[in-house]
Amino acid sequence: MNTGFVGVGRMGANMARRLKDRNFHVTAVYDTNRKVATDLAGELGCAACQDLAEVTAQSDVIFTVVTDDKAMRNIFSATGDNLLVNARGKLFINCATVSPQAHVDVEKMAEKAGAQSLEACMASSITQAREGKLYLMCGGAEAAFRKAEPVLNELAATVRFIGKAGEAAKVKALVNMVMNINTAGLAEGLALGDALGLDLKTLREVFAQTGAASRVLETDGEDMQNRDHSCFFSAAHAAKDSGIALELARELGLDLPLARATKEQYERMIAEGLGELDKSGIAELTFKDRHKHSGDRV
């Protein structure tokens with residue numbers, strides 16, 4: 001099974017490395033950042049393609065890990081060069097967090113080209129990608145899912161088939177919406193504790209044993225305290241993903257004030273030049289003694 005990757009940033013590159021370790025034949029990589037693609041290709045011993053159609057030509061299964069709806073639609077439908085050129089019989093596994101409609105549209109385009117498409121939404125981070133411990137939620141035709149299962153099982157600790165195209169993307173949007181709200185709430189709790197003069201290590205330990213416990217507390221609490229915001233999931237991505245969930249709510253006539261306020265906080269980070277910090281960097285907006293964000297925000 002020849003495998004290609006389109007989008008080899010932090011997640012895509014580590015997924016490709018994982019498959020190489022598991023003796024899959026990674027044949028081609030592509031990224032709009034040419035240097036990123038050529039460096040990874042040199043490491044894996046594969047081609048760094050200059051054209052999307054070349055990735056399809058050299059691969060049976062193509063993973064895509066791109067930034068947003070626009071990028072997703074572009075790689076499948078751009079005039080001239082795109083992944084669906086001579087794509088009959090190919091399987092596309094799309095891992096980006098994009099709108100459910102984008103996945104539905106890509107599936108239709110792939111079917112028209114005689115190919116298969118599956119969304120495999122990731123609820124994990126860089127370390128899990130490298131170790132083959134992703135949590136994958138899949139949507140699309142069941143036949144495409146069954147075909148993809150062997151390779152997905154090498155990448156993930158858990159693989160769940162959710163339903164038709166777009167359904168997994170809905171679940172992923174809600175996962176990230178709730179995660180982002182939890183992150184913002186934790187930042188405010190720790191900021192208030194700090195302003196009250198409490199010991200934050202003790203506070204985090206109490207949180208962990210009570211109703212304030214959360215997965216975000218495990219992954220981000222100490223980083224918020226220590227101001228270590230090395231990027232695993234950026235504030236810019238958090239804003240985008242909260243926006244996907246809010247758009248779904250808007251279409252249904254639902255008001256989600258917590259999700260809306262959280263998105264506004266992450267958009268504020270972007271406006272202040274902090275968008276590429278990890279999502280834990282939202283604490284920089286809440287702790288009252290932190291550089292240019294100082295002030296009584298609590």
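I take buried to mean under 20% relative accessible area, exposed to mean over 50%, and partly exposed to mean in between, with a 1.4 Å probe and protein chains only. The model I am reading is predicted, so I keep to its rules: local features need pLDDT of at least 70, side-chain atom pairs count only at pLDDT 80 or more, and totals for chains, interfaces and linings use all residues. Residues are numbered from 1 along each chain as its sequence is written, and side-chain values use heavy atoms, with hydrogens and water left out.

**Entry 1, salt bridges**

I looked up salt bridges, each being a side-chain nitrogen of Lys or Arg within 4 Å of a carboxyl oxygen of Asp or Glu, and by this rule I have a count of 20. I went to Arg-73 and Asp-105, whose closest N and O atoms are 2.7 Å apart in a salt bridge. Arg-73 is in helix 4 (residues 69-77) and Asp-105 in helix 5 (residues 100-112), so this pair ties together parts that are 32 residues apart in sequence. For helices I use DSSP runs of H or I with at least four residues, and for strands runs of E with at least two, numbered from the N terminus. Asp-105 has a relative accessible area of 21% and is therefore partly exposed, and Arg-73, at 27%, also counts as partly exposed. I noted too that a network of salt bridges links Asp-69, Arg-73 and Asp-105.

I then checked Glu-267, which forms a salt bridge with Lys-263 at 2.2 Å between the closest N and O atoms. Both residues lie in helix 12, four residues apart, or about one turn of the helix. Glu-267 counts as partly exposed because its relative accessibility is 35%. A further salt bridge joins the side chains of Lys-133 and Glu-131, at 3.9 Å from N to O, and Glu-131 is partly exposed at 38% relative accessibility.

A polar atom of the Thr-262 side chain is 2.9 Å from the backbone oxygen of Leu-258. Leaving aside neighbours within four places in sequence, I list Asn-180, Ile-181 and Ala-184 as the residues in contact with Thr-262, where contact means heavy atoms within 4.5 Å.

I traced an open sheet of eight strands with mixed pairing, in the order 3-2-1-4-5-6-7-8. Strand 3 (47-48) and strand 8 (156-163) each have a single partner strand, so they stand at the edges with one side left without a neighbour in the sheet. Two strands pair here if DSSP finds at least two bridges between them. Strand 4 (residues 61-64) pairs in the parallel sense with strand 1 (residues 2-6) over four bridges, and Thr-3 stands opposite Val-61. Strand 4 also runs parallel to strand 5 (residues 91-94), again with four bridges, and there the bridge partner of Phe-63 is Ile-93.

Which way do the residues of strand 4 point? Val-61 and Phe-63 point one way, Ile-62 and Thr-64 the other, and all are buried. In a regular strand the side chains alternate between the two faces of the sheet.

Terms used. Polar contact = N/O pair within 3.5 Å; in protein donor to acceptor, adjacent residues only side chain to side chain.
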